[in-house]
Amino acid sequence: MNKIFRKQQLTPYEADYAQWCAEQGALLREGRLSDLDRENLAEEIESLGRSDKREIASRLGTLILHLLKWEFQPEQRKTGWLLTIREQRHRIENLLDESPSLKAYPAQMLGREFKIARLKALDETGLSDRDFPVDCPFTIREILDHGYFPGTPWASNKLIRE
């Protein structure tokens, strides 16, 4: 249990966030609900869900970027791309396991994140705008599938087997 020996006055939210969090936790544990900073506490709890959504979207964008580079620059494939693809898939999977209510969220964000990933792929690869499709060439199922590597027969690619 995290006991906080409070001063006479509680720390304002704006003055010291870490101390405010500790005090709010102690108040909750002690059942002192009337002393809680309810408005800021509610906002912080709501932001936790938004944070998971932002992280899923960011990781999805990074994953799509690397899948695009993997497919459209096969001669440039690197172990780093492979590691990034694998890590992003695992991280997204872990977030979805922790928050099952967000299972549909990656599919909802696919179009938006593809547009951003496509722009990054254009900048990073130096390929022409015509070299990349306008719409995402991958389904959300493929993107999140640990065994899916576009344009790569599983057993034939040295990088994937290692």
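Predicted model: local features only at pLDDT ≥ 70, side-chain atom pairs only at ≥ 80, totals over all residues.
First, the ground rules. Residues are numbered from 1 along each chain as its sequence is written, and side-chain values use heavy atoms, without hydrogens or water. Local features need pLDDT of at least 70, side-chain atom pairs count only at pLDDT 80 or more, and totals for chains, interfaces and linings use all residues.

Now the helix pair. Two packed helices are described by the angle between their axes and the distance between the axes. Here, α2 spans residues 38–72 and α4 spans residues 105–125. Helices are DSSP runs (H or I, at least four residues), numbered from the N terminus. The pair packs at about 45°, with axes 7 Å apart. That makes α2 oblique to α4. Axes are lines fitted to C-alpha atoms over the stretch in contact, and angles run from 0 to 180 degrees between N-to-C directions.

What classes of residue make up the contact of α2 with α4? There are 13 nonpolar, 2 polar and 7 charged residues. Charged means Asp, Glu, Lys and Arg; nonpolar means Ala, Val, Leu, Ile, Met, Phe, Trp, Tyr, Cys and Pro; the others, Gly among them, are polar.

Next, Glu 113, in helix α4. Beyond four places in sequence, Glu 113 contacts Ala 57, Leu 60, Gly 61 and Ile 64. Contact means heavy atoms within 4.5 Å.

Last, Gln 88, in helix α3, residues 79–98. Leaving out residues up to four places away in sequence, Gln 88 touches Arg 59, Thr 62 and Leu 63.

How values were computed: Helix = DSSP H or I, 4+ residues; strand = E, 2+ residues; numbered from the N terminus. Parallel < 35°, antiparallel > 145°, perpendicular 65-115°, else oblique.
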